[in-house]
Every structure is written in structure tokens, then in C-alpha cells.
Amino acid sequence: MSKSLPYSMKDVHYDNAKFHHRSFFKEITQTFLTSNRKHECVSCSTGKFLGLLMIFGLACLMLTHTNKTHSVSDGLAKDIRTNEEHKVVTDVGIRFKKLWRRAPRLPPRLSPDQKVTYGNFTGKPNEPNVEEKWKARQQNVKEAFTHAWSGYKQFAMGYDELMPVSRHGVDGLGGLGATVVDALDTAMIMGLDEVVSEAGSWIELHLLERISQKGRVNLFETTIRVLGGLLSAYHLSGGDQGMNSAHKGPKPTIYLDIAKNLADSLLSAFTSSPTAIPFSDVVLRDSSAHPAPDGLSSTSEVSTLQLEFNYLSAISGDPKYSTEGMKVLAHLKTLPKVEGLVPIYISPHSGEFSGENIRLGSRGDSYYEYLIKVWLQLRAIQGGNFSYLYDMYDEAMRGVRHLLVQKSIPNELVFVGELPYGSKGAFSPKMDQLVCFLPGTLALGATKGVTKEKAMKDNLLTFEDLENLKLAEDLAKTCFEMYSVTSTGLAPEIAYFHTKEYFEGGLDGGNKSSEYVNDIIIKHADRHNLLRPETVESLFVLYRITSEQKYREWGWQIFESFEKYTKVDSGGYASLDDVTTLPPQRRDKMETFFLGETLKYLYLLFADSSLIPLDKFVFNTEAHPFPIKDAI
């Protein structure tokens with residue numbers, strides 16, 4: 001559909017003359033006849049004679065100019081002669097143009113009753129309307145959060161997760177009421193005081209007891225969701241001279257005390273291990289730690305604890321949390337890598353990587369995310385030597401560009417694949433939806449959280465930063481197309497890409513009108529959607545850094561698809577079995593991260609950029625924002 005012009009059809013004749021083409025001769029004569037020089041010349045006969053002579057001379061020059069060489073086949077001598085004549089004519093024309101300067105071309109005037117309707121242009125006349133649109137869409141996201149919370153509160157309060165179809169709760173994360181804690185800071189950011197009061201009261205009354213009684217929990221999941229949620233709530237409720245002390249709910253110290261209690265139990269995963277690599281699981285009621293059944297830990301899990309433990313040490317004054325967490329990254333620094341890339345498993349018994357599988361999807365993703373984020377968190381500390389984190393990140397991103405990035409056929413979508421058998425094995429064109437964290441991480445690493453405009457103005461970007469920023473933009477496009485290529489407009493958990501070496505027919509996303517229907521391959525086992533946040537997370541970061549409205553528009557399209565296909569009337573939102581079929585079959589599960597991450601990032605995407613600014617906060621991998629030291 002073509003974009004409308006900045007005026008309506010009823011005004012075609014209102015100022016149509018401004019679009020008429022005028023010849024150079026008409027401009028000269030009109031300028032002469034309407035200028036002050038005219039009034040001076042016509043007052044005497046000599047002036048009149050000179051004026052007529054000048055017009056006659058101009059006419060001759062114009063005729064000479066228009067009758068220049070008609071063919072290049074008349075020979076070199078004729079070309080040279082013509083060029084010399086043309087130069088004389090041009091020189092004279094320039095003199096006359098200097099004498100009678102053309103008035104500046106003004107844009108067409110709108111009729112008095114014409115309203116400004118410039119679509120997505122960012123000119124000043126349009127800004128109020130644009131901001132009103134995004135405020136309204138922000139409100140839509142807030143209402144979605146309220147609907148999700150209402151279902152959880154009614155059918156699953158105190159359980160880890162809501163089963164929205166069958167309308168009851170389930171404990172799949174250790175029984176610590178994970179949705180309550182994960183959703184709390186989202187409610188604070190949205191200004192939903194009633195939800196803040198309900199969630200805060202439950203935490204104050206029940207969470208300490210749960211921690212003392214519950215059994216085995218995963219170190220990583222409990223840290224990023226529960227510990228991270230408590231720490232963020234501490235700051236946002238006014239702790240550590242935080243943002244807003246007017247929030248409903250408990251005092252900030254309540255959240256801090258519970259966080260310390262939980263972290264003390266989780267520390268056993270570090271102290272029980274014979275190496276710097278922690279065990280994967282902790283039994284809360286006796287603070288014992290155990291490895292996973294296969295004896296291995298995920299690389300991403302052991303390296304995605306440090307933001308939380310560092311911030312806890314900063315606000316509690318006890319360095320033990322940060323000390324244990326940072327031992328892991330210092331140890332990982334010493335291990336051999338493949339151009340900065342690492343296998344997805346590591347042994348807490350030997351402290352060495354296990355296997356050769358390299359990917360940025362599950363079990364590998366947030367290792368790379370936390371390298372840059374922990375560096376951003378700690379770089380301002382006096383006497384701290386954390387530059388090795390940035391160096392590890394920088395080397396890894398070069399490795400990603402060299403070994404993992406390819407383009408699809410036929411439309412050249414940029415994607416990140418895998419090396420399941422290491423750098424010497426075959427490349428797999430498989431990309432998890434989880435990999436869509438990477439565009440946001442690349443953009444954050446390039447500008448360090450400031451806008452691209454400011455970074456360019458202050459000469460802060462290296463050539464490599466610009467390369468990473470371009471890759472971020474290309475990958476964000478691919479991540480969005482993983483949504484729009486399906487019948488539902490929602491992304492599958494995993495996609496494959498058509499390359500010279502790989503193609504399977506009959507496995508498209510179902511949206512035949514998509515330009516990329518032949519680029520993206522979706523296998524039957526991978527067609528589910530879990531309400532994941534990674535793509536909207538990257539859209540949020542890229543919008544904040546580039547100010548490009550397309551990222552907001554893409555986010556809105558994704559939100560509309562969530563609303564259309566995953567919303568459950570009785571409350572909550574459901575995961576989907578197959579995003580390629582209509583109507584999609586629903587799964588009976590609402591993940592905690594839908595409230596903790598997906599809706600939070602959508603809300604912030606549509607918000608003013610002053611709300612949780614990226615140069616003053618760092619988000620943990622569960623979207624819980626922590627303040628950056630000396631940046632607040």
C-alpha cells in the first residue's frame with residue numbers, strides 16, 4: 001500500500017502551482033520583472049533599452065545552449081569544440097544565476113483545516129501524536145500483564161507457574177512461588193500498586209518459610225528468577241537510594257534480608273565443588289549441593305550468576321557472594337577456547353570443558369551475555385581489573401562472525417548457526433529462538449548503553465563496534481522474520497535455514513505471503529512457542545540505541561499475535577503447540593518469564609527512553625534491572 005501524501009485530494013488545487021515545472025528562462029525573466037532592479041531600470045529610456053538588450057542576449061544564449069552537439073559520432077575535434085562552447089555558455093549562465101538568485105523552494109502549504117498526518121515520520125509536528133500512540137500501546141501491555149496476573153492470582157497464587165487452561169498451579173522450579181517474585185519488579189515499573197502490594201505481601205509472609213523447607217532447586221534458575229527478582233525489587237522500592245520509595249508493599253530491607261538468606265543456601269553449590277565451577281543443584285532445607293545426574297554443569301548456567309551475586313555484595317557489604325561468583329569467570333578465562341567460543345558443558349569435578357558442541361542457544365547463550373554485562377557492571381570500580389571480561393567478549397564476537405554467521409537462500413537472512421562437533425566438524429544451520437538475545441547484546445556491547453547518535457558524536461565507536469552493531473540489526477531482522485513467517489505470527493522454538501548444503505521442503509512456517517517462506521525451515525518437533533522474550537528484548541535494546549521506529553512496530557506486531565492466539569479468557573496466557581497451524585493448539589503452561597521478561601520488555605519498548613535507561617542499569621538474563629555503580 002502506498003503511503004499517503006501530506007495533504008488530501010480536496011486540496012489538490014489549493015497550492016498545485018508549486019509543483020509546476022518552470023523553465024530556466026521563465027525564472028530569469030520573472031525574477032527580473034518582479035525585482036527592485038526593474039523599477040530602477042524602467043524609469044529611463046536607456047534602462048529600457050538595456051533591459052531589452054539583456055533579454056535578447058539571454059534568448060540567444062539559451063538557443064545556443066539547447067542546440068549543442070547532438071551526436072558523439074561527429075569526431076573528436078567536434079567534441080572538443082562543443083565542450084569549449086558549452087563551457088562559455090555555462091560560465092555566462094553561472095554569472096546570470098548569481099545575479100538573479102532563485103528564491104528558495106518552500107514546501108506546499110496545507111489548507112487551514114488540514115491536519116498533520118505524516119505516519120511514522122519523526123518531524124516535530126507529528127511527535128505528540130506518535131507519543132500518544134505508544135502511550136496507548138504501553139497501556140495495552142499493562143492490561144495484558146494485569147490479565148496474566150489475575151489468572152495466576154485466582155488459580156495458582158504461591159505456585160511457581162499457572163496452568164491457564166486447566167486453571168490450577170504447578171511447582172516446576174522448586175516451589176518458591178517463582179511467578180510472584182519474577183513478576184514483582186514488572187509491576188513496580190508499570191506502576192501497578194495493587195499487584196505490588198499483593199506480590200510483596202506474599203513474599204514477606206511466605207518466602208522465607210519456603211526457602212527453609214523446600215528441597216532440590218537448580219542454582220541457575222533460582223538465582224536469575226528468585227534472587228534476581230528480590231534484588232531488583234529492593235532497588236525499585238527505594239533500597240540503596242533506589243528509584244521510588246512510594247511503592248506499596250514491604251520495606252526494601254525485607255527483600256534484601258530474604259535475598260541474603262536465599263543466597264547463603266545457594267553458596268553451597270560453590271563451596272561444595274572441588275573446583276571453581278559450582279554444582280548445578282542445591283537442596284535448600286539443608287544447604288547441600290549436588291551435581292547434575294550426568295555430573296556436568298551447563299556453561300551458560302555457571303557463568304550467569306555473577307550480576308546477581310555482585311549486586312548482593314554491593315548492597316549487603318558482604319563480599320563473599322561476589323568472590324564466589326567471580327571465581328568462575330576468572331577460571332573460565334584460563335581455559336582453551338575456539339576463537340573465543342566455548343563448548344556448552346563443563347565439569348565441576350575437573351574444571352574443564354566437556355565435549356565440542358558450540359552454540360549460542362540453550363546451555364551456551366548467557367555465557368556471552370554476562371561477559372559484557374558483568375564488565376559494564378564492574379568497570380567503574382576503582383582498582384578493579386575486569387578488562388579481561390571485555391577482552392573475552394570481544395574475542396568471542398569475532399569468533400561468532402567468523403565461524404557461526406551465514407546467510408540463507410534465497411533472500412540472504414543473516415543467522416547464527418551451530419558447530420555440534422566443534423570447529424572441525426560440519427556447520428548446522430540451526431538457530432534457537434534463544435539466540436535472539438544476541439542482537440541486543442551486540443548493540444549493548446557496541447555503544448555501552450548510550451545511544452548510537454551520542455556514541456558517534458563522542459567518537460566512541462571502533463570499526464569493530466560498527467560491525468557488531470550492523471550484525472545486531474541484521475540478526476534482529478531475522479529474529480522478527482522467524483515470527484512473521486508463521487501462520488500465527490509467533491516464532492517457533494527452533495528454526496533451520498535454507499543454505500547451499502541444507503534444505504527440506506514442505507516445512508515452511510505457513511505464512512505463504514512472507515518473503516522469507518523459503519528461507520526458514522521449521523521441523524515438526526520445533527514448532528512450539530513458550531511465550532519467550534528474547535526477540536522483544538533485542539528490539540527494546542536496539543530501539544533505545546538506534547531510535548529506529550521499526551523496532552517498536554515489530555514489537556507491536558508480536559504483541560498483537562500474543563494477544564490473538566495465546567490469551568486465555570479466564571486469565572493468563574498459554575504456550576502453543578504449533579505456530580504454523582490455525583487455530584493453534586494451546587499448551588497448559590504460562591512460563592514465569594512471560595510476566596518477568598516478555599511483557600516487561602514490550603512495556604519498556606513502548607515507553608520513554610528515560611525509564612530504566614541502558615547506561616544506568618544492567619538487566620540480568622531474566623530482565624531484572626540492577627543499577628550500575630556510579631551511573632545513577
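Aromatic pairs, defined for rings of Phe, Tyr and Trp (its six-membered ring) whose centres lie within 6.5 Å, with planes under 30 degrees apart counted as stacked, over 60 as edge-to-face and the rest as tilted, number 20. The model is predicted, so local features need pLDDT of at least 70 and side-chain atom pairs count only at pLDDT 80 or more, whereas totals for chains, interfaces and linings use all residues. Residues are numbered from 1 along each chain as its sequence is written, and side-chain values use heavy atoms, with hydrogens and water left out.

Phenylalanine 309 and tyrosine 321 form a tilted pair, with 6.5 Å centre to centre and 50 degrees between the planes. Phenylalanine 309 belongs to helix α12 (residues 306-316) and tyrosine 321 to helix α13 (residues 320-334), so the pair ties together parts 12 residues apart in sequence. Helices (H or I, at least four residues) and strands (E, at least two) are DSSP runs, numbered from the N terminus. Both phenylalanine 309 and tyrosine 321 are buried (under 20% relative accessible area; exposed is over 50%, partly exposed in between; 1.4 Å probe, protein chains only).

The ring centres of tryptophan 556 and phenylalanine 606 are 6.0 Å apart and their planes lie at 65 degrees, so this pair is edge-to-face. It links distant parts of the chain, 50 residues apart: tryptophan 556 is in helix α20 (residues 549-565), and phenylalanine 606 is in the loop between α21 (592-605) and β14 (617-619). Tryptophan 556 is buried, at 12% relative accessible area, as is phenylalanine 606, at 2%. Trp134, Trp556, Phe559 and Phe606 form one aromatic cluster.
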